[in-house]
Amino acid sequence: MAKGKTREVSIKQSKGSFFFGKTTKEKYDFDTLSDLRKILSNEKAKILHVIKTQQPLSIYDLSKKLGRGFKSVRDDLKVLEKFGFVEYVREKTKNRTRHRPVVSVETLTVNFRI
């Protein structure tokens, strides 16, 4: 887990709509405002909070701690992973490999350019 890592997003206004600036620094730049809204949902905020505070051992453990279905939690984690907010630590236990989710960003900074 990368402590103190900050994700910075720039948003500019163009013809009455907000668009995200493209940079080549990171592969998970936002293309539209709707992409940012996907990250800022209450469900995903709760996922990030539970991962950070309760440190679940697997996606299944996380879904149980949240009281949600495995598939819906996994789908939300895919979005968080796509934008660099969550990463997985592979852990081998007996004959199985589990993926422990960890929060990889401490801060999100959003800049609006008008």
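Modeller: Helices (H or I, at least four residues) are DSSP runs, numbered from the N terminus, and a helix's expected span is 1.5 Å times one less than its number of residues. The model here is predicted, with pLDDT of at least 70 needed for local features. Residues are numbered from 1 along each chain as its sequence is written.

Colleague: Happy to start there! How do you know that the span of helix α2 agrees with its 13 residues?

Modeller: Residues 42-54 should span 18 Å, and the end C-alpha atoms are 17 Å apart, which agrees.

Colleague: Which residues of α2 are buried?

Modeller: Lys-44, Ile-47, Leu-48, Val-50 and Ile-51 are; buried means under 20% relative accessible area, exposed over 50%, partly exposed in between (1.4 Å probe, protein chains only). Viewed down the axis of α2, these buried residues fall within an arc of 165 degrees, so they line one face of the helix. The arc is taken from the directions from the helix axis to the C-beta atoms. On the face turned away sit the exposed Asn-42 and Lys-46.

Colleague: What makes α2 and α3 roughly perpendicular?

Modeller: Their axes, lines fitted to C-alpha atoms over the stretch in contact with angles running from 0 to 180 degrees between N-to-C directions, cross at roughly 110 degrees and come within 10 Å. Angles of 65 to 115 degrees count as roughly perpendicular, and α2 and α3 are therefore roughly perpendicular to each other.

Key: This is a predicted model: local features need pLDDT of at least 70, side-chain atom pairs count only at pLDDT 80 or more; totals for chains, interfaces and linings use all residues. Side-chain values use heavy atoms; hydrogens and water are left out. Helices (H or I, at least four residues) and strands (E, at least two) are DSSP runs, numbered from the N terminus. Angles under 35 degrees count as roughly parallel, over 145 as roughly antiparallel, 65 to 115 as roughly perpendicular and the rest as oblique.
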